[in-house]
Amino acid sequence: MSTTLNLAARITPGLAGRAAFALFVRPVGRPRLRSDEAALMAEAVRGRLTVDGIPVTTYRWGEGDRPVLAVHGWTSRASRLAGFIEALRAQGHTVVSFDAPGHGESGGRATTIRRQREIIRQLHARHGDFSAVVAHSFGVLATFFTLRDGIGADRIVAVGGVADFDYLLAGFRRMLRVGPGVERALRAYVQDRLFPDEPDVWPRFDARHRPEQVPAQILLVHDIDDDVAAPDQSRGIAAAYGDRARLIETKGLGHRRILADPEVIATAVEFLAEAAPIAR
């Protein structure tokens, strides 16, 4: 495949861009609901919205205003944030979440950051400003990208976050062993097909871009043994946001076990409790 893509990028870059994009946006597998997540998910009020003709499953726990939004990562699902959701509910928060297209209980086979943005926009239209966002992995990048569009959130908890689109592309190139020509073709396809009316979109694919546009308080939690998102990704966000960001680094939890760590969850909930009183 790498040879084919590299050759196509030289001869028919449009075709190469389309083929690379199809691989780039499709998660590998669809994780199933775990037994220890089932009870929480059964208690959720399920909803449905549509993005690009794809049915998206949403979840809500509680009836309060200014809910906490939970955004899962790549090849994941909302239920993987069960520990955070349960702890937030215990503190009286309302929580809303969703399975991205190609993930969990939602339809489709692929998702994009544009689709993520549209889902969050629709949830914002339905629920109003969020008191906070708890996001993991690719969900962190999608969160910062979306919050620049006038969607309010007082606080952000970013766990094992990806900070920029370039990092994802570099990983994609390493995985498929393709050259810069394939990357150029992929970028051209993304610009032409996903963001034809947003020529300045590329800098906004970076969580560190213009931090004044995301005026939230931020807690970053990242494991130094994370083999999916390098710790430098969160360190860069912390540096960009200065006094508004606090970085906690763990060890031995990796990219996924960190989501179930009791100390990480407790620290996140404590951080969110420092915000304005919960609306009831």
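Where is arginine 204 found? Arginine 204 sits in the loop between H8 and E7. Here's a tour of that spot and a few others.

## Before we start

This is a predicted model, where local features need pLDDT of at least 70, side-chain atom pairs count only at pLDDT 80 or more, and totals for chains, interfaces and linings use all residues. Residues are numbered from 1 along each chain as its sequence is written, and side-chain values use heavy atoms, with hydrogens and water left out.

The H and E labels are DSSP runs numbered from the N terminus: helices (H or I) have at least four residues and strands (E) at least two.

## Arginine 204 and its neighbours

Arginine 204 has a relative accessible area of 13%, so it is buried (buried means under 20% relative accessible area, exposed over 50%, partly exposed in between, with a 1.4 Å probe and protein chains only). Leaving aside residues up to four places away in sequence, arginine 204 touches Arg117, Phe145, Arg148, Asp149, Glu198 and His209. Contact here means heavy atoms within 4.5 Å.

How far apart are the C-alpha atoms of arginine 204 and leucine 169? They are separated by 15 Å, with the two residues 35 apart along the chain.

## Helix H7 and its two partners

Two packed helices are described by the angle between their axes and the distance between the axes. Here, axes are lines fitted to C-alpha atoms, for helices over the stretch in contact, and angles run from 0 to 180 degrees between N-to-C directions.

H7 (residues 165-176) packs against H8 (residues 180-193) at about 135°, with the axes 10 Å apart. That makes H7 oblique to H8 (under 35 degrees is roughly parallel, over 145 roughly antiparallel, 65 to 115 roughly perpendicular, and the rest oblique).

Ala20, Leu23 and Phe24 of H2 meet Phe165, Leu168, Leu169, Phe172 and Leu176 of H7.

H6 (residues 138-147) is mostly covered, with ten of its ten residues buried. Among them are Phe138, Phe144 and Phe145.

Serine 137 is in the loop between strand E5 (130-136) and H6, and serine 137 is buried too, at 5% relative accessible area. Most residues other than glycine have a negative phi. Serine 137, though not a glycine, has a positive phi of about 60°. Arginine 66, also not a glycine, has a positive phi of about 50°. Arginine 66 lies in the loop between strands E2 (54-61) and E3 (68-71) and is partly exposed, at 30%.

## Histidine 222

Histidine 222 is part of strand E7 (residues 217-223), and at 1% relative accessibility it counts as buried. Its side chain reaches the backbone oxygen of alanine 229 at 2.6 Å. Beyond residues up to four places away in sequence, histidine 222 touches several others, including Gly160, Gly161, Ser234 and Glu249.

Key
Polar contact = N/O pair within 3.5 Å; in protein donor to acceptor, adjacent residues only side chain to side chain.
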